[in-house]
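Hello,

I promised to send you a structure to look at, and here it is. Please open it beside this email and look up the residues as you read.

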Amino acid sequence: MIEKRPVVLLLLATAAILVGTTITMIAPFRWINDQKLRIPGVKPYSVLQLEGRDIYIREGCNNCHTQTVRPLLADVERYGEYSKAGEFVYDQPFLWGSRRTGPDLARIGGKYPDAWHYKHMANPSSMVPETNMPSYAFLNRPLDTTLSERKMKALSYPYTQGDLDNLEGKSEMDAIVAYLQKLGNDIPWRAATAAETALENPFKSDPATISDGREIYSRQCAKCHGAKMEGGAGHSLLEEDYPDNKFFKIIHDGIKDAGMPQFGDSLSSDQIWKVTAFIQSRKAK
Amino acid sequence: MKQPVIYEDDVVKGFITWSLVWGFVAVLLGVFISLQLAWPQLNLPPYLTYGRLRPIHTNAGIYGWGIGSFMAFFIYITQRLTKAPLWSPKLARFQLWLFNFTIVACAATLLAGMNRSKEYSEHEWPVAILVVILWVIFSINIIMTVIKRKEEQMYISLWYILATLVGVAVLYLVNNAAIPVSLTKSYSAYAGANDANVEWWFGHNAVAMVLTVPPLAIFYYYLPKSTGVPIYSHKMGVIAFWSLIFMYLWTGAHHLLWTPIPDWVQTLAMAFSVMLIAPSWASVFNGYFSMNGQWHQMRENHLVKFLIFGITFYGLQTLQGPSQAVRTFSAFIHYTDWVPGHVHMGTLGWVSLTLFAAIYYTLPRIYGTEIYSVPLVNLHFWLAVTGQLIFSITMWIAGVQQAAMLNATNPDGTLHYTFMETLVRLYPYWHGRAAGGIIYLASLLVFIYNIFRTISNAPSKSQTKTA
């Protein structure tokens with residue numbers, strides 16, 4: 001029968017392949033990116049952001065970083081609000097990735113100030129000791145804008161001549177930082193995760209706590225606030241006179257306009273309390 | 001049987017040699033990027049960074065080594081099973097040139113940063129057009145040879161070969177649809193969650209149509225050839241064939257569990273992944289039962305050793321795979337080093353061991369000589385198996401450890417470890433993985449030396465000899 005008819009075999013094999021293909025690959029087009037699932041706040045990329053995204057693709061950042069937060073406790077606590085289909089309607093291609101050698105970046109936008117990204121991209125271990133991320137200092141070269149307009153047209157994203165003119169003098173680094181700062185911010189999720197205040201430090205001035213706090217401080221805070229809290233990129237902490245819960249809130253939520261990152265998703269509450277105890281202990285001296 | 005048909009074997013020699021070159025490049029690059037993960041200062045921007053080299057590693061492995069040797073053995077096997085000469089040897093020789101040109105073009109453009117980002121199909125559209133031409137030429141040649149065959153019955157290997165030809169074509173054309181901006185830049189034709197679903201329908205079925213179906217065609221041909229006894233059950237092979245190619249296409253979304261694609265697509269993928277254990281293990285049992293009364297050959301026959309270890313890794317792979325495709329386990333293990341551990345058991349274990357056996361069987365025959373050294377074959381075998389096991393086991397432990405740390409919480413429900421605290425604990429495992437890779441690389445050097453000496457010993461201008 002079939003074992004004597006190669007053409008029939010080819011046709012039947014194709015048919016067998018097309019059943020699952022039709023149901024699980026073609027049919028979902030009917031549901032995914034449906035108008036009803038659109039999120040009004042989600043905007044297409046600006047020219048600079050799109051150039052940044054293309055640099056992200058060119059350098060293969062997606063080989064180590066995912067861009068999708070799963071609705072799982074560890075993901076949501078660590079990275080932020082879980083990802084919605086409607087947030088990706090302008091992503092051609094999608095960049096969800098498959099391996100988190102580095103952390104997920106779906107909600108990286110607004111987590112750190114621009115200055116943090118510039119320093120980190122140029123020399124990752126200066127901001128994150130023991131990281132295995134390569135240095136991308138070479139991105140300081142000028143951005144090639146010859147294809148910018150054609151790219152915007154190909155994707156039908158809105159732009160003005162002014163947007164194109166503004167690319168003048170930008171570096172590749174400017175573009176990739178602009179892209180990273182857009183990620184995950186089209187929905188207002190950060191406000192919803194702010195810490196509830198009126199908490200009390202469960203550790204206070206226990207000496208073991210203070211040495212734990214010192215360790216966390218030197219890893220997470222000293223780069224900006226100085227090894228002795230004398231200040232640097234960030235404020236000096238020697239004069240800051242806040243109650244514990246205010247420190248907790250600032251460390252947890254960050255101060256966006258002042259460039260203080262939020263640590264609520266990378267440090268546990270216990271760790272934040274310990275750092276707070278350490279900072280308060282220094283002031284006492 | 002010897003007189004009338006002259007088989008085209010020169011082009012088979014060419015494909016085997018070049019697939020070996022690309023396989024060596026793939027493993028060499030793999031070792032290098034594994035060292036880059038452990039020692040980031042080995043990244044030499046802008047070109048020699050992990051981000052740019054990893055796609056070249058995967059493409060050289062899957063397409064250079066995998067597809068290159070499948071082309072060799074499809075041409076070799078098809079002629080033998082149809083008892084007909086290759087339809088067009090000229091076209092096949094052109095195909096060899098085009099194949100190598102395409103691999104070089106793919107590697108060079110990826111190094112230059114021309115990258116679509118879609119995993120296992122990163123090259124830009126001009127290279128994709130070369131791939132399409134290549135595949136059409138190859139398919140026509142094989143299909144025409146089958147149509148003009150002298151042997152009426154088609155053995156199961158030919159079924160797998162024909163399914164590969166259509167399967168790859170469908171997958172490749174859909175996933176590579178793009179909106180070109182220039183010769184060096186294009187955007188995917190699909191957006192967001194749609195693009196993800198298309199990509200993993202492609203990605204997982206590349207595993208089916210490139211890393212499962214072709215090695216099965218080769219396995220079903222070379223196991224009986226090596227043992228000298230027929231395959232246990234042709235019928236079981238046929239049932240496994242239809243259920244395998246039917247069910248595989250439903251499973252792509254198990255790479256996207258918990259992501260924002262529709263739940264029902266994820267659930268179907270999960271169910272079909274578990275169901276796939278049946279056809280996969282039908283092939284494993286077919287291999288094992290074929291060994292009834294022949295198990296002593298595991299000691300005496302180096303080809304059998306490679307093939308049976310190969311099919312055993314296939315069996316383990318197709319149990320581990322479905323377990324990872326279950327939502328709860330995926331939630332824990334996905335995005336960790338567990339997954340590269342899994343992948344490399346399939347590629348270094350199942351696919352490569354099967355191909356090594358096929359090369360050891362075929363090359364001496366088409367060169368009209370004997371293998372240079374059987375002890376070196378055995379050394380190759382043990383180095384390869386050891387290297388691969390060190391790699392995979394190290395990565396499984398690393399994956400479980402990191403997953404456990406990432407999920408650890410304090411009594412108040414907050415997370416116990418920062419991301420960096422979980423990463424720094426991976427360094428020792430990354431050193432272990434690199435060691436496994438280096439052992440595997442050493443096994444390849446032994447292999448290539450043995451093959452080189454075998455070919456050098458061959459009588460010059462050898463007569464084509466039928467196997």
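Below I go through what was found, starting with the contact between the chains. Please keep in mind that this is a predicted model.

**Where the chains meet**

Let's begin with chain B and chain A. On the chain B side, 95 residues are in contact with 87 residues of chain A. Between them the two chains bury about 7,700 Å², and 65% of that is on carbon and sulfur atoms.

One to look up is the salt bridge between the side chains of Arg99(A) and Asp337(B), at 2.8 Å from N to O. On the side of chain B that touches chain A, helix 6 (residues 192-209) of chain B gives the most, with 11 residues. That side of chain B divides into 57 nonpolar, 25 polar and 13 charged residues.

**An arginine without a salt bridge**

Next, please find Arg78(A), which sits in helix 3 (residues 73-79) of chain A. Arg78(A) is buried but has no salt bridge, and the nearest side chain of opposite charge, that of Asp75(A), is 6.0 Å away. What does the side chain of Arg78(A) reach at 2.8 Å? It is the backbone oxygen of Tyr417(B). If you set aside neighbours within four places in sequence, the contacts of Arg78(A) are Asp265(A), Met405(B), Leu406(B), Leu415(B), Tyr417(B) and Phe419(B).

**Salt bridges across the structure**

Over all chains, a search of the whole structure finds 28 salt bridges.

- Glu51(A) and Lys151(A) form a salt bridge, with their closest N and O atoms 3.0 Å apart. This pair links distant parts of the chain, 100 residues apart: Glu51(A) is in helix 2 (residues 47-58) and Lys151(A) in helix 6 (residues 148-154) of chain A. Both Glu51(A) and Lys151(A) are buried.
- Arg58(A) and Glu172(A) form another, and here the closest N and O atoms are 2.9 Å apart. Arg58(A) belongs to helix 2 of chain A and Glu172(A) to helix 8 (residues 172-182) of chain A, 114 residues apart. Arg58(A) and Glu172(A) are both buried.
- Asp212(A) and Lys274(A) meet through their side chains at 3.3 Å, N to O. Asp212(A) lies in helix 9 (residues 207-220) and Lys274(A) in helix 12 (residues 269-284) of chain A, so the pair ties together parts that are 62 residues apart in sequence. Asp212(A) counts as partly exposed because its relative accessibility is 31%, whereas Lys274(A) is buried, at 18%.

There is also a network to trace: salt bridges that share partners join Arg58(A), Glu59(A), Arg141(A), Glu172(A) and Arg52(B).

Ser157(B) is in helix 5 (residues 156-175) of chain B. Is Ser157(B) buried or exposed? Its relative accessible area is 0%, so Ser157(B) is buried. Apart from neighbours within four places in sequence, Ser157(B) is in contact with Ile77(B), Leu81(B), Ala217(B), Tyr220(B) and Tyr221(B).

Ala403(B), in helix 15 (residues 374-407) of chain B, is buried with a relative accessible area of 1%. Which residues does Ala403(B) touch, not counting those up to four places away in sequence? They are Phe332(B), Ile333(B) and Thr336(B). Ala403(B) and Thr336(B) are 67 residues apart in sequence, yet 6.8 Å apart in space, C-alpha to C-alpha.

**Some backbone details**

One joins Gln92(A) and Pro93(A), with omega about 0°, and Pro93(A) is in the loop between helix 3 and helix 4 (114-122) of chain A. Another runs from Pro45(B) to Pro46(B), with omega near 0°; Pro46(B) is in the loop between helix 1 (10-38) and helix 2 (50-82) of chain B.

Finally, Asn33(A) has a positive phi, near 60°, though it is not a glycine. Asn33(A) lies in the loop between helix 1 (6-26) and helix 2 of chain A, and counts as buried because its relative accessibility is 17%, under the 20% cut-off.

Happy exploring!

Notes: Residues numbered from 1 in each chain as written. Chains lettered and ligands numbered in written order. Predicted model: local features only at pLDDT ≥ 70, side-chain atom pairs only at ≥ 80, totals over all residues. Heavy atoms only, no water. Contact = heavy atoms within 4.5 Å. Buried area = accessible area lost by both parts, 1.4 Å probe. Salt bridge = Lys/Arg side-chain N within 4 Å of Asp/Glu carboxyl O. Helix = DSSP H or I, 4+ residues; strand = E, 2+ residues; numbered from the N terminus. Nonpolar A, V, L, I, M, F, W, Y, C, P; charged D, E, K, R; others polar. Buried < 20%, exposed > 50% of the residue type's maximum accessible area, 1.4 Å probe, protein only. Lys, Arg positive; Asp, Glu negative; His and termini not counted. Polar contact = N/O pair within 3.5 Å; in protein donor to acceptor, adjacent residues only side chain to side chain.
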